[in-house]
Amino acid sequence: MPLFPPLLILLLSVLPTTYSETLTHEDIQKTCPAMACGCPGANGFPGKDGHDGAKGEKGEPGQGVRGLQGPPGKMGPPGPPGSPGKKGEVGQKGDQGKNPGLFFSLGKKVGKKFFLSSHQPMSFDRAKAVCAQLQASVATPTNAKENAAIRYTAGGDAFLGFTDEEQEGLFVDRAGNQPTYSNWNQGEPNNVGSGENCVIILSDGKWNDIPCSQSFVTVCEFSV
């Protein structure tokens with residue numbers, strides 16, 4: 001019986017053992033079960049949120065840039081009235097005023113006009129100011145009855161409320177109206193010396209033009 005077959009069988013039985021003994025530790029690590037070396041699966045759904053933690057301490061204020069001031073808000077409702085303030089100190093005594101009515105004594109009424117006279121002579125500008133303080137005007141007769149009442153009230157030469165200061169020779173009243181009645185003395189008005197811009201009533205009731213700077217009695221005219 002030849003020796004080759006038994007020898008061949010012996011060699012085949014020895015080879016697996018020898019091969020397994022020659023495997024290194026690195027080779028062993030590279031080997032793994034089929035289940036462990038498969039592809040990773042898909043991610044699962046996220047879990048539920050956990051319970052809120054304890055409230056932390058208040059942090060320090062930030063140091064950011066301060067924003068711009070916003071627009072003013074709407075005006076609120078008015079508040080209740082405040083308490084009255086303390087009474088102020090008494091002021092100094094003023095100068096004694098001048099009452100032009102104190103020296104007016106004689107008066108006369110004609111129609112819807114009342115004429116009141118002062119026997120204190122004064123310039124025409126002063127006469128206008130005195131009458132204005134009494135809410136009146138310098139007397140301006142519009143007919144013979146008013147002219148007679150002014151002559152009676154004046155008791156002497158007195159200013160009338162006509163001037164030609166705006167236009168020489170054109171006498172008008174304070175409203176700029178020309179008189180509808182006149183009683184000029186003979187030869188008047190004559191503007192002697194080129195400065196007679198005012199009018200006076202004489203003791204006989206006649207009119208004469210004179211300088212406004214001269215002083216005569218004042219007769220004020222009131223509407224009633």
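**Salt bridges and a hairpin in a predicted model**

Modeller: Lysine 128 is partly exposed in this predicted model, with a relative accessible area of 39%.

Colleague: Which residue does lysine 128 form a salt bridge with?

Modeller: The partner of lysine 128 is aspartate 125, and their closest N and O atoms are 3.7 Å apart; the two are three residues apart in helix α3 (residues 124–133), so about one helical turn separates them.

Colleague: And how many salt bridges does the structure hold?

Modeller: There are three, and those that share partners join Lys113, Glu146 and Glu221 into one network.

Colleague: What does lysine 113 tie together through glutamate 221?

Modeller: Lysine 113 lies in strand β2 and glutamate 221 in strand β7 (residues 216–223), so this pair links parts that are 108 residues apart in sequence, with the closest N and O atoms 3.4 Å apart. The side chain of lysine 113 also meets that of glutamate 146 in a salt bridge (3.1 Å, N to O).

Colleague: Is lysine 113 buried or exposed?

Modeller: Lysine 113 counts as buried at 15% relative accessibility, and glutamate 146 is buried too, with a relative accessible area of 7%.

Colleague: Changing topic, how do β5 and β6 pair?

Modeller: They pair in the antiparallel sense over four bridges and form a hairpin with five residues between them, where glycine 205 in the turn has a positive phi of about 95 degrees.

Colleague: Where is the pLDDT below 50?

Modeller: The chain averages a pLDDT of 80, but over residues 14–23 the value is below 50, and this stretch has zero contacts in the model beyond near neighbours in sequence. Where pLDDT is low, the predicted coordinates should not be read in detail.

Conventions: Residues numbered from 1 in each chain as written. Predicted model: local features only at pLDDT ≥ 70, side-chain atom pairs only at ≥ 80, totals over all residues. Heavy atoms only, no water. pLDDT = per-residue confidence, 0-100. Contact = heavy atoms within 4.5 Å. Pairing = 2+ DSSP bridges. Salt bridge = Lys/Arg side-chain N within 4 Å of Asp/Glu carboxyl O. Buried < 20%, exposed > 50% of the residue type's maximum accessible area, 1.4 Å probe, protein only.
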